[in-house]
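Colleague: Could you walk me through this one? I'd like to start with the strands and then move on to the helices.

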Amino acid sequence: YGLYDYLRTSIQQLELPQRKAALIVPAFETLHYRLTFPKSKAELLSMLDMGSLYTFRYHVWPKGHAPTDYAKWRTATVPYRVAWQPDFEPYVVVRRDCPRYDQRFVGFGWNKVSHIMELDAQEYELLVLPNAFMIHMPHAPSFDISKFRLSAGYRGCLQTLREEFHQDLSRRYGAAALKYLTAERSL
């Protein structure tokens, strides 16, 4: 409730039209198919404490959203900056002229990760909004995630595309892009 107006206000207050920044909307999830959506951050925190909500994918892919720093978000009253980390894939609001999603990553795997990596390579600030949130509702697995899980060929192709993406980043951003390759190899 009120997310659209809050985002518009934040965009103006943070001077997003003149600034290279990605506004992160913290993501949560529920395992319930029916949920009374919280009307405020306080209600969300109460639901989180009661166990009816969880930080997004904490049980299957924690590194995807861990850099959001949910512990800090709980008490934050102003936007705060976070650093890129490997496999970070937050939901973001960015200017229209930001880098586009890499079209190699369609289906399941690495679309948001590669996008955030490119934003970081272009020195975008990653700013978590303290009063924004979204909730992922349960649904049946997509056809593409099923293919990813069941097909070694699919996973192999995705790995090849990831390697190509790293090479492209290195060509575009030079030595600054080495941190992405180093992070990938240490996983």
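**Strands, then helices**

Modeller: Ala21 has Glu125 as its bridge partner in S6. Strands here are DSSP E runs of at least two residues, helices are H or I runs of at least four, and both are numbered from the N terminus.

Colleague: Before we go on, what kind of model is this?

Modeller: This is a predicted model: local features need pLDDT of at least 70 and side-chain atom pairs count only at pLDDT 80 or more, while totals for chains, interfaces and linings use all residues. Residues are numbered from 1 along each chain as its sequence is written, and side-chain values use heavy atoms, with hydrogens and water left out.

Colleague: Fine. In which sense do S1 and S6 pair?

Modeller: Parallel, with 4 bridges between S1 and strand S6 (residues 125–128). Two strands pair if DSSP finds at least two bridges between them.

Colleague: And how does S1 run against S5, parallel or antiparallel?

Modeller: Antiparallel: strand S1 (residues 21–25) is joined to S5 by 3 bridges. Val25 is opposite Tyr91 in S5, and Ile24 has Val92 as its bridge partner there.

Colleague: What is the strand order in that sheet?

Modeller: S4-S6-S1-S5, an open sheet of 4 strands with mixed pairing. At the edges are S4 (80–82) and S5 (91–93), each pairing on one side only.

Colleague: Is S1 buried or exposed?

Modeller: Mostly covered, with 5 of its 5 residues buried (under 20% relative accessible area, using a 1.4 Å probe and protein chains only). Ala21, Leu23 and Val25 point one way, Ala22 and Ile24 the other, and all are buried. In a regular strand the side chains alternate between the two faces of the sheet.

Colleague: Switching to helices. At what angle do H4 and H6 pack?

Modeller: Helix H4 (residues 111–121) and helix H6 (residues 152–173) pack at about 15°, with axes 11 Å apart. Axes are lines fitted to C-alpha atoms over the stretch in contact, and angles run from 0 to 180 degrees between N-to-C directions. The two helices are therefore roughly parallel, a term for angles under 35 degrees.

Colleague: Which residues make the contact?

Modeller: Ser114, Met117, Glu118 and Ala121 from H4, with Phe165, His166, Leu169, Arg172 and Tyr173 from H6. Contact means heavy atoms within 4.5 Å.

Conventions: Angles under 35 degrees count as roughly parallel, over 145 as roughly antiparallel, 65 to 115 as roughly perpendicular and the rest as oblique. Buried means under 20% relative accessible area, exposed over 50%, partly exposed in between (1.4 Å probe, protein chains only).
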